[in-house]
Amino acid sequence: MKCDKFIEALGTRVKILEVTRQCDDQVTALVELNDLPEAVRFLYYDMGGYLTTMVPNDERSINKHYALYYALSMEGGKMFAGDEIAQDEKCFVTIKTLISPDSLVFPSVTPLVPACVWYEREAYDMFGLVAEGLPDKRRLVLSDDWPDNLFPLRKDAMDYRYRPDMKDHYMEPEYEFLRPEGSGIIDVPLGPLHITADEPGHFRLFCDGDTIIDADYRLFYQHRGMEKLAENRMNYDQMGYLAERVCGICGYAHAIACIEAAEKAINLEIPARAQAIRVICSEIERLHSHLLNIGLACEVTGNYNAFMHIFRIREYSMKLAELVTGGRKTYGNVVMGGLRRDITGVEIKESLRILQIIETQVDEVWDAVMDDKRQMSRWKGVGILDKQVARDFSPVGPNIRGSGIKRDTRYDHPYDFFKQIQFDVAVVEGGDVFAREMVRYMELKSSVSIIRQCFELMPQTAIIVDPTFHVKPENYALAYVEAPRGDNVHWIMQGSAQKVFRWRCRAATYNNWPSLRFQFRGNNLADAALIVCSLDPCYSCTERVTVVDIKSKKSKILTNADLKNFARTQKDSPLKDLR
Amino acid sequence: MMKLLDISKKYGEITHKYPFEPYKVSDNFRGKPAYIFDLCIGCAACGIACPSNAITVQFNDDKSKLIWEFDCGRCIFCGRCDEVCPTGAIKLSEEFELAVKFDKSALIQRGELDTQYCTTCHKPFSAKRLVKYSFECLSKANVSEKRLEEAKNYLCMCPTCKKTATVATFTGGKEMVIE
């Protein structure tokens, strides 16, 4: 069966205590605590895995231990042509390890696999699990004045409604930014509230003149405690709606991922028509999200004309969503077992008309933007994400596809209706802002084609199966949906009484933040907002549950001349341009 | 650059005159749930289905009225209430202008239904309309006159008294003929 190959190979490296299978393509291997870093490194680098998510879990009520689950997507390193695992062997392998509540310490994987850094910092914030050897032990998710010995996600820690008293601002501990050493470096703070940022996030840019040498950031200003809320008082009917509200843009992808995780854990197959409609709605979401981001990438460089045009087209995609779901944004559609709302023939006909409009008008505006040399000079060569950095940090979505790595969940691990659909994965080499926007443009085209194929292929079946199902406590599964920004991964362990035991929701941007620092380096200050924008970041999504480069302390300070060569020169003073 | 201006010329003005002209939403739009008091029977199905607890159905302090209350500020427009309502008293409307000025109580909608008291213990237990509705359903269900009369009795009893009465009948040693 799938995955066996990887487990076998892993067995030659470390001692595997137990192997459990969750579903066809998901396997968990329990390893000893001290073997953890080697096991994850082996699967990540030697076998071609990418880190999908890491879930700390309080399992004291089950086996008297805390558990860590490192979920890796086995798909090949994809660094060069042919460096990819065969399509029918791609799967998810989870490394599980148990931590005794007496020690609360585990060996950090981050020195071997940098992608784990945010996850391990979060494990301390939420569970008090200390990663021994983690170079960066600052708080990530919770605010700096959060009580020291309160770990919210421990089952016995606190009521979900409890809010600790805030400290007065002068009593609040200072957050330490990782700043490079050297003279003449100026700190430029950006945020938490800043006019170019749509949501709160504090960026500390370290500059020499106009050139960014390094950057550090503090996010999670609006952590909402959704996981705790769901564990305490939600049932599966309500969770879909809560998951949808994780994000204001890719909410539907979260809803599907959340519900599918629950469905997978009990092996519930939903009707083909429901699968098709789930794909249609998530692709509509991709249309409006990509149009939003391309529009904003024009806007932050001052190209208001193009911005307005792209938003004019985006309005059609919002209309489309309203037409097929009844709501412009929050669709309230997904329930366990299928969907609540079908699409009628009249709606399909009208949708196809709108799709045609979107397709032709996007081409028109994109051609005009491509012709604009000033716009191109602002996009090209800016914010480069190096291919090797991408490999180390497991970013997702257009961010990694812009660096020439063919990672797309819809292609690697086809879910739902994607098994029947033909589409090309948009991959562009270069890694700059331009490459990422190009990926988005190509995906707009493929989304239109995917929606059309779904309308054509979707069978006339029911849209929901009999919702009588029995969840099995302690079952868990991973569900993944390619949202506009990358894959949203939800991990659900079921509890008793139709409730969740642990819900780990990992939004796409969570994996994209850690490598942002590398994208900043060497760029002009004027491009900072553009680089953040090209990530299409979703602050508050990441903020239900943050990454910093650990190696930076050792990193050398580049000379002014080196940087000047690297960065593009701009005529106007960038400080004037820093909007 | 000039190309973009050409596109502007081609499509002209595309903005709506809203709010000076009404804005038409698509059919089956999920707007504010509209409540028709006359149809409401106080069965509380909507209150149970509502995932965000926007709808609550409970007695007032002296239990003389059953209060159906909807807080639009909590509503997520999912339409579960619309789905479960047996009488169509609550339907998602096309209304989307929901902002209120300063006064949050303007978001709340209430319906007061008369309480049904138990014929045996005289405690309040349901809404009069629900009892009436149940009876109407039964009378359409092709049951015999005698059974209907019996049902009428039972309908006006609170669950506890109903249990006691049933147990009393079964254990009383009276012979019954099921018609």
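Q: Why is helix 6 of chain A called largely enclosed by the rest of the structure?
A: This is a predicted model. Seven of the nine residues of helix 6 of chain A are buried, so the rest of the structure largely encloses that helix.

Q: What makes a residue of helix 6 of chain A count as buried, and which residues are they?
A: A residue is buried if 20 or more other C-beta atoms lie within 10 Å of its own. In helix 6 of chain A, Tyr236(A), Met239(A), Gly240(A), Tyr241(A), Leu242(A), Ala243(A) and Glu244(A) are buried.

Q: What do the buried residues of helix 6 of chain A pack against?
A: They pack against helix 5 (226–233), helix 7 (251–265), strand 11 (334–335) and strand 15 (500–506) of chain A.

Q: Why are helix 8 and helix 9 of chain A called roughly antiparallel?
A: Helix 8 (residues 272–299) and helix 9 of chain A pack at about 165°, with axes 8 Å apart. Angles over 145 degrees count as roughly antiparallel. The two helices are therefore roughly antiparallel to each other.

Q: Which kinds of residue make up the contact of helix 8 of chain A with helix 9 of chain A?
A: That contact has 18 nonpolar, four polar and two charged residues.

Q: How many residues of chain A are in contact with chain B?
A: 19 residues of chain A are in contact with 15 residues of chain B. Helix 9 of chain A gives the most to the side of chain A that touches chain B, with six residues. The residues of that side divide into five nonpolar, seven polar and seven charged.

How values were computed. Residues are numbered from 1 along each chain as its sequence is written. Chains are lettered from A and ligands numbered from 1 in the order in which they are written. This is a predicted model: local features need pLDDT of at least 70, side-chain atom pairs count only at pLDDT 80 or more; totals for chains, interfaces and linings use all residues. Two residues are in contact if their C-beta atoms, placed from the backbone, lie within 7 Å. Helices (H or I, at least four residues) and strands (E, at least two) are DSSP runs, numbered from the N terminus. Ala, Val, Leu, Ile, Met, Phe, Trp, Tyr, Cys and Pro count as nonpolar, Asp, Glu, Lys and Arg as charged, and the others, Gly among them, as polar. A residue is buried if 20 or more other C-beta atoms lie within 10 Å of its own, exposed if 12 or fewer, and partly exposed in between; C-beta atoms are placed from the backbone. Axes are lines fitted to C-alpha atoms, for helices over the stretch in contact, and angles run from 0 to 180 degrees between N-to-C directions. Angles under 35 degrees count as roughly parallel, over 145 as roughly antiparallel, 65 to 115 as roughly perpendicular and the rest as oblique.
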